[in-house]
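Morning, everyone. Please bring the model up on your screens. I will go from the whole chain to the details.

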Amino acid sequence: MAFCLVSAVGLPSFANEEVKAGQSDSIEFDRVWSAILTEAGLEAEIISAPHERKREMFIKGDIVLDCCAIPEWRQRPEEQATQLFSDVFFQSAEHYVFRRGHAVDPVENAAKLRFVKVKGFVYDLKAQFGTVIEVHDIEEVLDHVASGEADIAIVNRQDYERRLRLKPRPLELGPVHTVADLRVRVHKSRADLLPALNEAIATLRTKGRIADILKETDAEKAGRGEYVGVLMVGRSDTMGTQRMWREILAETGVKAVFVNAPQARKRRMFASGRILLDCCAAPIWRTRDEEVAVQSWSDVFYTSREIWVFRKGETFPVATAEDREKLRVAAVQGFDFHDQESFGIRVPGQDIDDTLRLLAAGRADAAILGALDYDVRIGANSTLFEQGPVRVEVGLSVRAHKNVVHLLPQINAAIARLRESGRIKEIIREVAAESGSPFKKQVP
């Protein structure tokens, strides 16, 4: 995830360099973290990794910024030797969490309780718990308490409230364990970044922007008023499948706010849980570790043929890896292909129409499209392009984040009804007929 930013007034410009920063472990504070980086004028590559690995990466200098923590949570000698902290940007209430109806005094009964936490998290406990269970993330923490596998957890209030709106559980919020003064952690090798970060924090706090961020987005509004039950979902990258996606959601009964973002950013948003449903893809296209760890798939609703596209009269052989390594291949940035390592050069486009513009301008030798997109955007009589061989046939599905995997049975039932009624095929015909693609205007 890269933020292309303007540097803050009166501070050094970092516009020509990119720093590596850890992604916040909290979905809520991830948005605040982005705002701090933006206000500081920093361009950052956001690294998503399990909490414990992220701490090791910071020590080694593989990431030089991380958020959001307090010094008491980072007391290992090797961390103390390498870290600096920004000014406080938010005071976060960390609460004890119990299964509904099973709350007890967490200090007096500590020795009898099974405490669940994310591996690598550290707490300043007033009394030691009898058993400590370590899991991968906050979702698993809440699931363990809800199922009775653990008796108690500690979670910040913002994360707790949002996660329970998205996935209701029989839990209750207990008393405050501590109020954490959250800060940005800076590697000592980049102490020069601290003034810009502190100035950004002061500006955001003075304007009340941090408090606003924690309550302003559509995801935050979910559960109140007109946003009751609304989910943040990814918009499909193609016209035809977006229409199918809308109808699947409507048939399922899911109210959605569509996130219109570049493919690469949308994938990062899904991995971090900011987008909870996404469409329309296949498992062979979503094999990054951070995605595999959180994704589940619906039944197939449409079989897509992926094809090569060339300029009219300028086809190239593509059957072997040796053929493909000679080509400049235009494809949407963030798309993955099963044999992409054999491409000579990837020419990234912002979207599908942009890849066709690159091909038409001679900046690429070939492009890759779904056959439906070819029909919708180009058609059978193009004077600019011609269709090449089929690369692969794949079944398209809906991708569900593990936070909402409980919706998959409803989604599968909706897909079955739409397929049986012939509505999917009907949508394909409608979209092809309605297309106003500029590339179809080239037909004589």
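Of the 444 residues in this protein, 54% count as buried. Buried here means under 20% relative accessible area, exposed means over 50%, and partly exposed is in between, with a 1.4 Å probe and protein chains only.

A word on the source. This is a predicted model: local features need pLDDT of at least 70, side-chain atom pairs count only at pLDDT 80 or more, and totals for chains, interfaces and linings use all residues. Residues are numbered from 1 along each chain as its sequence is written, and side-chain values use heavy atoms, with hydrogens and water left out.

Now the surface. The accessible surface of the protein is about 19,600 Å². Carbon and sulfur atoms hold 50% of that. These areas come from the Shrake-Rupley method with a 1.4 Å probe; for residues, only the protein chains shown count as cover.

Secondary structure next. There are 16 helices and 18 strands. Both are DSSP runs, numbered from the N terminus: helices are H or I with at least four residues, strands are E with at least two.

On to contacts, meaning heavy atoms within 4.5 Å. Take the contacts between residues at least 6 apart in sequence: 74% of them join residues at least 24 apart.

How many disulfides are there? The count is 2. The rule is a pair of cysteine sulfur atoms within 2.5 Å. A disulfide is a covalent bond between the sulfur atoms of two cysteines.

One joins Cys67 to Cys68, with 2.0 Å from S to S. The torsion about that S-S bond is about 90 degrees, so the Cys67 and Cys68 disulfide is right-handed. Cys67 is buried, because its relative accessibility is 2%. Cys68 is buried too, at 14%.

Cys279 and Cys280 form a disulfide as well, sulfur atoms 2.0 Å apart. That link is right-handed, with 90 degrees about the S-S bond. Cys279 is buried at 3% relative accessibility, and Cys280 is buried at 13%. Number the bonded cysteines in sequence order and the pairing reads 1-2, 3-4.

Last stop, Val135. Where does Val135 sit? In strand β7, which covers residues 131–135. Why is Val135 classed as buried? Because its relative accessible area is 6%. Leaving out residues up to four places away in sequence, Val135 touches Val116, Lys117, Val118, Lys119, Glu140, Val141 and His144. Gly120 is 15 residues from Val135 along the chain, and their C-alpha atoms are separated by 9.4 Å.
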